[in-house]
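Q: I should like to learn how to read the features of a protein model. May we take them in turn, with the general idea stated before the particular case?

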Amino acid sequence: MSGARPTGRLHLGHLIGVLENWVRLSERAETFFEVADLHAFTTGFADPQAIRDARDEMVIDWLAAGIDPERSVVFLQSAVPQISELHTLLSMIVPVSWLQRVPTYKDQLEELGPEIATYGFLGYPLLQLCDIAAFAGDTVPVGRDQLSHLEFGREVVRRFNHLYGPTLIEPQPLLSAFPAVPGTDGRKMSKSLHNTIDIADDEATTTKKVRSYITDPLKVRRNDPGRPEICPVFALHHYSNAARVPEIREACAAGALGCVDCKSELAETLNAYLRPVRARRAAFDRSRVNAILEAGSERARRVAEGTMRAVRGAMRLGDA
Ligand code: TRP
């Protein structure tokens, strides 16, 4: 089980770090992929239309990356009320101090300002646990930045099972084998840093962005020796041009390969790598998104209702 907030277009970092992991898992396990629109409200509550627009774009990106909605359950968080019900019930047993201690809470508060310090935002990791627990998710493919949320979630599960009997499963993270993808400024590729290469970009834009990468500052002239191990362009060759990596390393370090040529080669291979994904994206009939989410959410509700029956029973609620 995994999910993402509909906040903007997906980029190369999502594709390499997250989506390829999802696709691989979906080929051998039962998988649930969630459009976390309620989570998007925790910070984006003032602009609901932006969340609505990003929803469709994100689903199209997922399908273009190879997620098959027949095989995986692709669903909308807000269309599965059992998740919100679970959130209410679990909120009764979660100490506020546990939530305040999650490092992303303080970090995001510092970054986005006190106006996002809502009740819902504090509860973000609890809602995330509910997403997972509603489907008895045992394995959660995510980025490193989500590890503290899962650790918090496991603590909540242990507390619930201790109080009411073994009911929920402790979710384990599954990290991608690849390190973070560097963006055009050399920092981790991230929408908020405006340093992304987007799946929806065209090839000319991609080439322009590749040219803008800062390479080794000590390699000024074409035949100065470079330090590939500190160069983000060299790092990117590993994804789209893996077979050539040893030669590029040697040629760069020997001063035999200039950054302009190295970037041209990278832009070509990145565009080739992204071409099939972009072609599927362009060919996709957008009017299908709603039907896909509706069908997925229906399947999700059936599974989540099974979990809720067990949770209500354990808590002596309903007709238990
Ligand atoms: N918090 C996740 C992120 O920012 C998104 C998310 C929401 C999620 N619900 C989830 C991830 C459930 C895994 C499982 O990327």
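Q: Which residues of α1 are buried?
A: In general, an α-helix has 3.6 residues a turn, so residues three or four places apart point the same way. In this predicted model, the buried residues of α1 are Leu 12, Gly 13, Leu 15, Ile 16, Leu 19, Asn 21, Trp 22, Val 23, Leu 25 and Ser 26.

Q: What span should the 15 residues of helix α1 have, at 1.5 Å a residue?
A: Helix α1 covers residues 12-26, and its 15 residues should span 21 Å at 1.5 Å a residue. The C-alpha atoms at its ends are 20 Å apart, which agrees with that expectation.

Q: Where does α1 bend?
A: The bend is at Leu 19 and amounts to about 40 degrees. Leu 19 is also one of the buried residues of α1.

Q: In which order do the three strands of the open sheet stand?
A: Strands of a sheet pair through backbone hydrogen bonds, either parallel or antiparallel. Here the order is β1-β2-β3, the sheet is open, and the pairing is parallel. The edges are taken by β1 (2-4) and β3 (73-76); each has a single partner strand, so one side of each is left without a neighbour in the sheet. On average, neighbouring strands of this sheet are turned by 20 degrees against each other, direction ignored.

Q: How many bridges join β1 and strand β2?
A: Three bridges join them, in the parallel sense, and β2 comprises residues 32-35. As an example of such a pair, Gly 3 has Glu 34 in β2 as its bridge partner.

Q: Is Glu 34 buried or exposed?
A: A residue counts as buried when its relative accessible area is under 20%. Glu 34, which lies in strand β2, has a relative accessibility of 1% and therefore counts as buried. Its C-alpha atom is separated by 9.6 Å from that of Val 59, a residue 25 residues apart from Glu 34 along the chain.

Q: How many bridges join β2 and β3?
A: There are four bridges between β2 and β3, again in the parallel sense. Phe 32 stands opposite Val 73 in β3.

Q: Which residues of β3 point one way, and which the other way?
A: Val 73 and Phe 75 point one way from β3, whereas Val 74 and Leu 76 point the other way. All of these residues are buried.

Q: Where is the place of Arg 5, and how far is its C-alpha atom from that of Ala 36?
A: Arg 5 belongs to the loop between β1 and α1. Its relative accessible area is 31%, which makes the residue partly exposed. Arg 5 and Ala 36 are 31 residues apart along the chain, and their C-alpha atoms are separated by 4.6 Å.

Q: How many residues of α8 are buried?
A: The number is 10 of the 10, so α8 is largely enclosed by the rest of the structure. Among them are Tyr 124, Pro 125, Gln 128, Cys 130 and Asp 131.

Q: Where is Leu 89 found, and is this residue buried or exposed?
A: Leu 89 is found in helix α4 and is buried, with a relative accessible area of 14%. The C-alpha atoms of Leu 89 and Arg 278 are separated by 42 Å, and these residues are 189 residues apart along the chain.

Q: At what angle do the axes of α11 and α12 cross?
A: The axes of helix α11 (residues 232-240) and helix α12 (residues 245-253) cross at roughly 160 degrees and come within 10 Å. An angle over 145 degrees counts as roughly antiparallel, and α11 and α12 are therefore described in that way. The crossing of α11 past α12 is right-handed.

Q: What is the phi of His 194, and where does His 194 lie?
A: Phi of His 194 is near 55 degrees, a positive value in a residue other than glycine. His 194 lies in the loop between β5 (172-175) and α10 (203-211). With a relative accessible area of 72%, His 194 is exposed.

Terms used: Residues numbered from 1 in each chain as written. Predicted model: local features only at pLDDT ≥ 70, side-chain atom pairs only at ≥ 80, totals over all residues. Heavy atoms only, no water. Helix = DSSP H or I, 4+ residues; strand = E, 2+ residues; numbered from the N terminus. Expected span 1.5 Å × (residues − 1). Bend = angle between axes of the 7 residues up to and from the residue. Buried < 20%, exposed > 50% of the residue type's maximum accessible area, 1.4 Å probe, protein only. Pairing = 2+ DSSP bridges. Axes fitted to C-alpha atoms, helices over the stretch in contact; angles between N-to-C directions. Parallel < 35°, antiparallel > 145°, perpendicular 65-115°, else oblique. Left-handed = near helix turned anticlockwise from the far one by under 90°.
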